[in-house]
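Hello,

Here is the structure I promised to pass on. Have a look at it first, and then read my notes below.

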Amino acid sequence: MALTLDQLRRLADSINFRYYLDPNSPTLLCGAQGKSGTYQFVMSLQLDGRFLQLRTIRYQLCQANHPHTAAALRVLAELNYQLRFVKFGWDPKDGEVMAWGDIWLVDAGLTQAQFSRVLSNFLPAIDDQYPRVSKTIATGRDPGPINADVRPPDIETL
């Protein structure tokens with residue numbers, strides 16, 4: 001069954017979630033404003049709609065030769081261990097720190113409740129963790145865990 005781009009758009013439209021449609025791929029380009037920052041991310045359908053990924057675009061930057069890269073990577077590893085849906089990564093080629101959430105749909109669709117839950121996990125997690133990651137990159141010192149329990153998003157789509 002999987003998920004089509006039209007179905008994904010209907011899910012977003014039904015909650016008045018604003019987005020731009022990528023003209024070259026089955027991807028919604030999204031923006032959100034939270035209490036800690038402004039975020040750009042994509043919702044990308046892949047593998048003929050059997051896979052959906054939410055992924056930030058340039059969430060943070062930490063070049064490979066940055067003096068605090070090791071500290072930042074330790075924080076990202078700890079977040080990956082603690083958080084369930086959202087995972088953080090780092091591209092050593094350009095220094096991009098990103099967050100993503102992957103959903104294998106394979107032979108099932110995505111319900112409105114599931115879609116809403118995905119957003120209510122993804123957006124607060126990236127917003128809640130932004131100060132911790134940012135401060136670690138800036139200072140080399142981890143300010144410590146921030147509770148990112150599931151909560152209603154304090155985020156407004158752009």
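Ser-44 sits in strand E3, residues 38-46 (helices, H or I, at least four residues, and strands, E, at least two, are DSSP runs numbered from the N terminus). This is a predicted model, where local features need pLDDT of at least 70 and side-chain atom pairs count only at pLDDT 80 or more, while totals for chains, interfaces and linings use all residues. Residues are numbered from 1 along each chain as its sequence is written, and side-chain values use heavy atoms, with hydrogens and water left out.

Ser-44 is buried, at 12% relative accessible area (buried is under 20%, exposed over 50%, partly exposed in between, with a 1.4 Å probe and protein chains only). Leaving aside residues up to four places away in sequence, Ser-44 touches Pro-26, Thr-27, Phe-51, Leu-52 and Gln-53 (contact means heavy atoms within 4.5 Å).

You will find 4 salt bridges in the structure (a side-chain nitrogen of Lys or Arg within 4 Å of a carboxyl oxygen of Asp or Glu). One of them pairs Asp-128 with Lys-35, with the closest N and O atoms 3.5 Å apart. Asp-128 belongs to helix H3 (residues 112-139) and Lys-35 to the loop between strand E2 (27-33) and E3, so this pair ties together parts 93 residues apart in sequence. Asp-128 is buried at 5% relative accessibility, whereas Lys-35 is exposed at 56%.

Another salt bridge joins Arg-55 and Glu-96 (3.4 Å, N to O). Here Arg-55 lies in strand E4 (residues 51-56) and Glu-96 in strand E7 (residues 96-104), 41 residues apart.

Enjoy exploring!
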